[in-house]
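Subject: Handover of a structure

Dear colleague,

Please find the sequence and the structure below.

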Amino acid sequence: DRSVDTLDWMSAETKREAHLKLSKYTPKIGYPDKWRDYASLEIRPDDLIGNVERVAAFNYRRQAKHLGQPVDRTEWGMTPQTVNAYYNPANNEIVFPAAILQAPYFDPAFDTAVNYGSIGATIGHEISHGFDDQGHLFDGDGNMRNWWTPADEAHFKEVTAKLVKQYGGYEPVKGHKINGELTLGENIADNAGLEIAYKAYKIALGGKEAPVRDGLTGDQRFFIAFAQSWRSKSRDAATLKQMVSDPHTPDEWRAFGTVRNLDPFYQAFNVKPGDKMYLPPAQRFHLWW
Ligand SMILES: [Zn+2]
């Protein structure tokens, strides 16, 4: 809400709608109120192919049962044991299964900077999906309704075009650049999510300076935790497949593509012109800043 209020480019009309949409977000945390009944699904320890077929048929029947029925807004699109999270524009809901609410993403005993840099950025990411290139076309009730004034819509397109260009310049596999259009929504969510998480971290500090730990400042630990949350390894062939079929930017570029748009990153690590991750201020992407 605070980030919407301080935006100088957004009209009062669109801001009112943005606040309304935010007030209607439904968070789902941990696990569903109603457990899914798997009793009719037969799993045999010696029949992998058969299990896959029966699971597919089970899921198909479950989906088909929805036909002609009212929408069940309590339903979950992920299991509690899935290490992931999602935003569903039709329900205007953000969902965080139990499995992502534990180390290394979150632990109540962790340093505040680390929690905000990892699960905080993920929460910010999912919230931002309601305002990305797809999500902003839905209102707070999940209806497809454009609630943006033409001028705000034009500004949004102009700002996000910067991101299309930026990510389109990255080359995770030699000779193959990222598709900036395909990945736009996720890249908006990554960048806006980290901005929001950083602001929330500062609010959590309550105006106090974060303690130095292991020789690292609070801001340094925040950015390191964010980068660590994207640690993964994949072969070039798998990365290539992801680049043509998945709206998510490969993990390594999700980490460094995001931090270099955030001004505090430059102060935290004294990043200067000429450094590999340096971006001139005018080229940095800000949506809610
Ligand atoms: Zn996402």
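**Aromatic pairs**

The structure holds 21 aromatic pairs. One of these joins Tyr31 and Trp35, whose rings are stacked, with 5.4 Å from centre to centre and 10° between the planes. Trp35 has a relative accessibility of 60% and therefore counts as exposed, since the cut-off for that class is over 50%. Another aromatic pair, Tyr198 with Phe222, is edge-to-face: the ring centres are 5.5 Å apart and the planes stand at 75° to each other. Please bear in mind throughout that this is a predicted model.

The protein is divided into two domains. Domain 1 is made up of two segments, 2-31 and 78-283, while domain 2 covers 35-73. Between the C-alpha centres of domain 1 and domain 2 there is a distance of 33 Å.

How many residues of each domain are in contact with the other? On the side of domain 1 there are eight, and they meet four residues of domain 2. The area buried between domain 1 and domain 2 is about 370 Å², with 45% of it on carbon and sulfur atoms. The side of domain 1 that touches domain 2 comprises three nonpolar, two polar and three charged residues.

One residue pair is in polar contact across the interface, with both residues at pLDDT 80 or more.

Yours sincerely,
A colleague

Technical notes:
Residues are numbered from 1 along each chain as its sequence is written. This is a predicted model: local features need pLDDT of at least 70, side-chain atom pairs count only at pLDDT 80 or more; totals for chains, interfaces and linings use all residues. Side-chain values use heavy atoms; hydrogens and water are left out. Domain bounds come from an automatic or database domain assignment. Contact means heavy atoms within 4.5 Å. Buried area is the accessible area (1.4 Å probe) that two parts lose on being put together, summed over both. A polar contact is a pair of N or O atoms within 3.5 Å; within protein, one must be able to donate a hydrogen and the other to accept it, and residues adjacent in sequence count only if both atoms are side-chain atoms. Ala, Val, Leu, Ile, Met, Phe, Trp, Tyr, Cys and Pro count as nonpolar, Asp, Glu, Lys and Arg as charged, and the others, Gly among them, as polar. Rings of Phe, Tyr and Trp (its six-membered ring) pair if their centres lie within 6.5 Å; planes under 30 degrees apart count as stacked, over 60 as edge-to-face and the rest as tilted. Buried means under 20% relative accessible area, exposed over 50%, partly exposed in between (1.4 Å probe, protein chains only).
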